[in-house]
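Subject: Structure for your review

Dear colleague,

Please find below the structure that I am handing over to you.

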Amino acid sequence: MSIVLIDARHVGEQLRRARRGLRINTNDAAKILKISVRDLHKYESGKQPVPPDLMCALFHRGLALTAVRTYK
């Protein structure tokens with residue numbers, strides 16, 4: 001069994017880059033993810049690690065958002 005440590009700053013940077021790439025503002029992203037804008041800022045800045053349940057939601061919703069944006 002391996003242990004993988006993920007740097008919260010790296011995950012936050014990727015989250016911000018993906019959100020900006022899809023041209024979604026922080027207010028809309030927070031609504032989509034059902035979190036507060038303050039929490040989103042904490043995650044994107046790497047001040048707080050993204051909880052596992054939110055990480056799963058990001059993967060599922062992120063793929064759906066990407067599909068919607070590419071077909072517009």
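The notes below describe what was found in this structure.

This is a predicted model, in which local features need pLDDT of at least 70 and side-chain atom pairs count only at pLDDT 80 or more, while totals for chains, interfaces and linings use all residues. Residues are numbered from 1 along each chain as its sequence is written, and side-chain values use heavy atoms, with hydrogens and water left out.

Overall architecture

The secondary structure comes to four helices and zero strands, and the elements run α-α-α-α from the N terminus on. Helices (H or I, at least four residues) and strands (E, at least two) are DSSP runs, numbered from the N terminus. Of the 72 residues in the protein, 26% are buried; buried means under 20% relative accessible area, exposed over 50%, and partly exposed in between, with a 1.4 Å probe and protein chains only. The accessible surface comes to about 5,600 Å², and carbon and sulfur atoms hold 58% of that surface. These areas come from the Shrake-Rupley method with a 1.4 Å probe, and for residues only the protein chains shown count as cover. Among contacts (heavy atoms within 4.5 Å) with a separation of 6 or more, 56% join residues 24 or more positions apart.

The nonpolar core

The largest nonpolar core has 14 residues, of which Leu33, Ile35, Leu40, Tyr43, Val50, Leu54 and Leu58 touch the most other members. Each of H1, helix H2 (26-33), H3 and helix H4 (52-71) supplies at least two residues of this core. A nonpolar core is a set of buried Ala, Val, Leu, Ile, Met, Phe, Trp, Tyr and Cys residues joined through side-chain atoms within 4.5 Å. Leu40, not counting residues up to four places away in sequence, touches Leu15, Arg19, Thr26, Ala29, Ala30, Leu33 and Ile35.

Helix H3 and its contact with H1

The axes of helix H1 (residues 8-21) and helix H3 (residues 37-45) cross at roughly 115° and come within 6 Å. Axes are lines fitted to C-alpha atoms, for helices over the stretch in contact, and angles run from 0 to 180 degrees between N-to-C directions. On the H1 side the contact involves Ala8, Arg9, Gly12, Glu13, Leu15, Arg16 and Arg19, which meet Leu40, Tyr43, Glu44 and Ser45 in H3. The residues of this contact divide into four nonpolar, two polar and five charged. Here Ala, Val, Leu, Ile, Met, Phe, Trp, Tyr, Cys and Pro count as nonpolar, Asp, Glu, Lys and Arg as charged, and the others, Gly among them, as polar.

Which residues of H3 are buried? They are Leu40, Tyr43 and Glu44. These residues lie on the same side of H3, because they cover an arc of only 95° around the axis; the arc is that of the directions from the helix axis to the C-beta atoms.

Glu44 deserves a separate note. This residue of H3 has a relative accessible area of 2% and is therefore buried. Leaving aside neighbours within four places in sequence, Glu44 is in contact with Gly12, Glu13, Leu15, Arg16, Arg19 and Thr26. Lys42, also found in H3, counts as partly exposed at 32% relative accessibility. With neighbours within four places in sequence left aside, Lys42 is in contact with Lys47 and Gln48.

The loops

H3 is followed by Gly46, whose phi is positive, near 80°. Val50 lies in the loop between H3 and H4 and counts as buried, at 14% relative accessibility. Its C-alpha is 7.2 Å from that of Ala8, although the two are 42 residues apart in sequence. Residues up to four places away in sequence not counted, Val50 touches Val11, Tyr43, Met55 and Leu58. Pro49, in the loop between H3 and H4, counts as exposed at 54% relative accessibility. Leaving aside neighbours within four places in sequence, Pro49 is in contact with Ala8 and Tyr43.

Most residues other than glycine have a negative phi. Arg23, in the loop between H1 and H2, has a positive phi near 60° and counts as exposed at 74% relative accessibility. Lys34, in the loop between H2 and H3, has a positive phi of about 60° and counts as exposed at 69% relative accessibility.

Yours sincerely
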